[in-house]
Amino acid sequence: SIVSNKYRYVSAFLVAALWLYYKKNRKLTSVKKTAVLEGFVAKGFEGVKRQCLENILSGRDDGVQICCYHNGEKVVDISGGPSPMKRLFPESLSVIFSCSKVLESLVIAMLVDRGLLDYNTPIAQYWPEFGDKICEKIKVKDLMRHQSGLSGTVKPISLDTLRDPDKLAAELLKQQCAFNPYDESEEAKRIAEQECFHVMKTAHIDGFTQKIERGAKRQAYNAVTRGFYSSELVRQVDPSNRTLSEFFEQEVALKLENMDGRDCYIGCPKSQQARCIQPSEEGGISALIRIISNFLFPKWLLGWIFDDFSRMYEFEKTFFKNLFHSERRKLALQAFSAVENAPGAMIIAGSPDIRSIPMASVTGVSNARAMACIFSDLDLLLSQKAFERALHTEGAGVDEILARPVTYTASGWGADRFEFVGAKGWYGWGGIGGSLLLFNPATKSSFAYVPSRLNKRLFKPRGVSCLKEFIAAIEKL
């Protein structure tokens, strides 16, 4: 209608004016003339440092750490920031959010290697109460691939409960699956196909190449809850009844203490709290303007207003649109608000109390040097057969929360998450603040990126820009 078009044009004009004002002030206050960036870069990998420096000088990044391995050798280990006061040091520790899931999946793979778990076995066989209260058929691989339906909680779980494994286990058994992955009814199939079609419309625009098989299981990202269930699963099968964080500390971090991998924790211990940084966050007004503009303006205009770091992909827009759809909004809100009194990334990362709680999918605390080291040579932790089993995939699923197709391995590592921008063959994941932890078995490479300024994009443009330079350097060798 004429009224709706007029409203759209007026809104676009106002947002454009605000954005231009923002860009003008950004040039005056955010663009840096100098940067402190120190560390080691091997010959041929200078492009990673150049891109990192450009991100800092352009104002996209503040403090940053990047570490890369190739063929088992460290080839990049840099850290810095726009000034000595705002830089990160190599030893600085940060909450890495969902990069913690990469560590979580490693522990599950190690337990499979030891014969204590099997990906194709129902969880109920290891944890009988799970079968009685939740579902008898959900398998270990369903949980790790975000296909269990346990994407959120009925109500947020208190911090006191999270500190006590017994209380947490009891609370987990009170939860309900958002969907039953083994429901074969016609209605369940109809809903699955409906959600698949909804997401794939935008995925096609973004150029995703993953093919979705007809009848594929429903998939909904377990932002927080996967780590709760996986930790209790570890406790059920480990001969010493250790939680996942305790297993990781003793069987991974301590075994690598003579290397750089020691500085990695799931839940920050009291002795390391002083080393944790206080992160900053992208300004609320600038983020809001960027989001609204991406919805209002046509692509040709977005290309003039935004650089590649600010233009949103269609799946990111769909994620926001879903927040205005009753059922999809409920699914997303339950997934991202499973913890009481922890409403956002800044609260979690900035609170010594919350980041000390061992939440296996969220509160990994580490630095780029340790993260890259752990995944530089997994032969130290896994047999070749176990590694191959951990990497096994069964095709992509359409994630109803992330609003895009995602392929997960049996152990839960994301596979080819950034393939659509040229990063094929990489496994791992990214955190809500922008951190990345990825590895490539074919090139025996690992990549870790940790920023001090949190950015909540589903796509991780700053880290991916440096990853692409790393990949380009490998291809030239």
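**Spaces and helix pairs**

Visitor: What is the volume of the largest pocket?
Guide: A pocket is an open set of points on a 1 Å grid over the protein atoms alone, with protein on both sides within 12 Å along at least five of seven lines. Volume is the space filled by probe spheres set on those points, which are joined across faces, edges and corners. For the largest pocket that comes to about 1,000 Å³.

Visitor: What should I know about the model itself?
Guide: This is a predicted model, in which local features need pLDDT of at least 70, side-chain atom pairs need 80 or more, and totals for chains, interfaces and linings use all residues. Residues are numbered from 1 along each chain as its sequence is written, and side-chain values use heavy atoms, leaving out hydrogens and water.

Visitor: How many of the residues lining the largest pocket are nonpolar?
Guide: Ala, Val, Leu, Ile, Met, Phe, Trp, Tyr, Cys and Pro count as nonpolar, Asp, Glu, Lys and Arg as charged, and the others as polar. The lining of the largest pocket has 9 polar residues and 8 charged ones, while the nonpolar count is 26.

Visitor: Which strands give two or more residues to the lining of the largest cavity?
Guide: The structure holds 3 cavities of 30 Å³ or more, a cavity being a set of points where a 1.4 Å probe fits but cannot get out. The largest cavity has a volume of about 110 Å³, and of its 13 lining residues, Ser94, Val95, Phe97, Pro451 and Leu454 are the closest to its centre. The lining of the largest cavity splits into 9 nonpolar, 4 polar and no charged residues. The strands you want are β4 (94–95) and β13 (445–451).

Visitor: How are α2 and α19 oriented to each other?
Guide: The axes of α2 (residues 46–57) and α19 (residues 461–476) come within 8 Å and cross at roughly 160°; axes are lines fitted to C-alpha atoms over the stretch in contact, and angles run from 0 to 180 degrees between N-to-C directions. Gly47, Val48, Gln51, Cys52 and Asn55 of α2 make the contact (heavy atoms within 4.5 Å) with Arg462, Ser465, Cys466, Glu469 and Phe470 of α19. Angles under 35 degrees count as roughly parallel, over 145 as roughly antiparallel, 65 to 115 as roughly perpendicular and the rest as oblique. So α2 and α19 are roughly antiparallel.

Visitor: How are α3 and α10 oriented to each other?
Guide: Here α3 (residues 100–113) packs on α10 (residues 244–253) with axes 10 Å apart, at an angle of about 75°. Among the contact residues are Leu103 and Met110 of α3, and Phe247 and Phe248 of α10. The contact of α3 with α10 has 9 nonpolar, no polar and 2 charged residues. Therefore α3 and α10 are roughly perpendicular.

Visitor: And how do α7 and α9 lie to each other?
Guide: Helix α7 (residues 165–172) and helix α9 (residues 225–237) pack at about 120°, their axes 10 Å apart. Pro165, Asp166, Leu168, Ala169 and Leu172 in α7 meet Phe228, Tyr229, Glu232 and Arg235 in α9. So α7 and α9 are oblique.

How values were computed:
Helices (H or I, at least four residues) and strands (E, at least two) are DSSP runs, numbered from the N terminus. On a 1 Å grid over the protein atoms alone, a cavity is a set of points where a 1.4 Å probe fits but cannot get out, and a pocket is an open set with protein on both sides within 12 Å along at least five of seven lines; lining residues have an atom within 4 Å of a point.
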